Amino acid sequence: MQNSFLKSAIATAVVAFVFFIINLLLLQYTSLSQYYGGFVYSLPVLYILYYGFSVIILFSLHLVQKSSASQTGYVFLGLTTLKVIGAYFIALPITSKTIENTAEKINFFVVFLLFLLIEVYFTAKLLNKKQ
């Protein structure tokens, strides 16, 4: 279990780091750079926050898979719902800004979707694993 979780966490970190570099380059060296300075949450903060959410979810799923494999999907849905609720509250300062910055909103939700896709991928691998 630990080896499998560790592989998932490292793979998530590698994918997140690659997309972080791409995202950072896009925000600094394109016309989007004019908006980047006014972001409520810096890019590293967003990626670290979502990486933390993902590691917690993946760890929980590995624990559930080991003890009660039939409940893994339900636990994923519940934890993802909690993550969405958390993301809503984290996004409130971004969505309620008086100065409109759609680049920040799009960036926030693209990073959210990136980590959601990573979690779905590893959850599908867990669910398809032979017992």
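Let's begin with a search of the whole structure, a predicted model, which turns up one salt bridge. Its partners are lysine 83 and glutamate 119, whose side chains meet with 2.8 Å from N to O. Where do lysine 83 and glutamate 119 lie? Lysine 83 belongs to helix α4, while glutamate 119 sits in helix α5, residues 102-128, so the pair ties together parts that are 36 residues apart in sequence. As a general point, side chains of opposite charge can pair when their charged atoms come close. Are lysine 83 and glutamate 119 buried or exposed? Lysine 83 is buried, and glutamate 119 is buried too.

The axes of α4 and α5 are 12 Å apart, and the helices pack at an angle of about 170 degrees. An angle over 145 degrees counts as roughly antiparallel, and that makes α4 roughly antiparallel to α5. On the α4 side they include Thr72, Phe76, Lys83, Ala87 and Ile94, and on the α5 side they include Lys105, Phe108, Phe112, Glu119 and Leu127. Sorted by class, this contact has 13 nonpolar, five polar and four charged residues.

Helix α4 has another neighbor to visit. Helix α3, residues 43-67, packs with helix α4, residues 72-95, at an angle of about 160 degrees, and their axes are 10 Å apart. α3 and α4 are therefore roughly antiparallel to each other, and their crossing is right-handed. Among the residues making this contact are Tyr50, Phe53, Ile57 and Leu61 of α3, together with Val75, Leu79, Lys83 and Ala87 of α4. How do the residues of the contact of α3 with α4 divide by class? Eleven are nonpolar, four are polar and one is charged.

You have already seen alanine 87 in the contact with α3 and in the contact with α5. Leaving aside residues up to four places away in sequence, alanine 87 touches Tyr50, Phe108 and Phe112. How far apart are alanine 87 and phenylalanine 112? In sequence they are separated by 25 residues, and in space by 8.0 Å from C-alpha to C-alpha. The relative accessible area of alanine 87 is 6%. Buried means under 20%, so alanine 87 is buried.

How values were computed
Residues numbered from 1 in each chain as written. Predicted model: local features only at pLDDT ≥ 70, side-chain atom pairs only at ≥ 80, totals over all residues. Heavy atoms only, no water. Axes fitted to C-alpha atoms, helices over the stretch in contact; angles between N-to-C directions. Helix = DSSP H or I, 4+ residues; strand = E, 2+ residues; numbered from the N terminus. Parallel < 35°, antiparallel > 145°, perpendicular 65-115°, else oblique. Left-handed = near helix turned anticlockwise from the far one by under 90°. Contact = heavy atoms within 4.5 Å. Nonpolar A, V, L, I, M, F, W, Y, C, P; charged D, E, K, R; others polar. Salt bridge = Lys/Arg side-chain N within 4 Å of Asp/Glu carboxyl O. Buried < 20%, exposed > 50% of the residue type's maximum accessible area, 1.4 Å probe, protein only.
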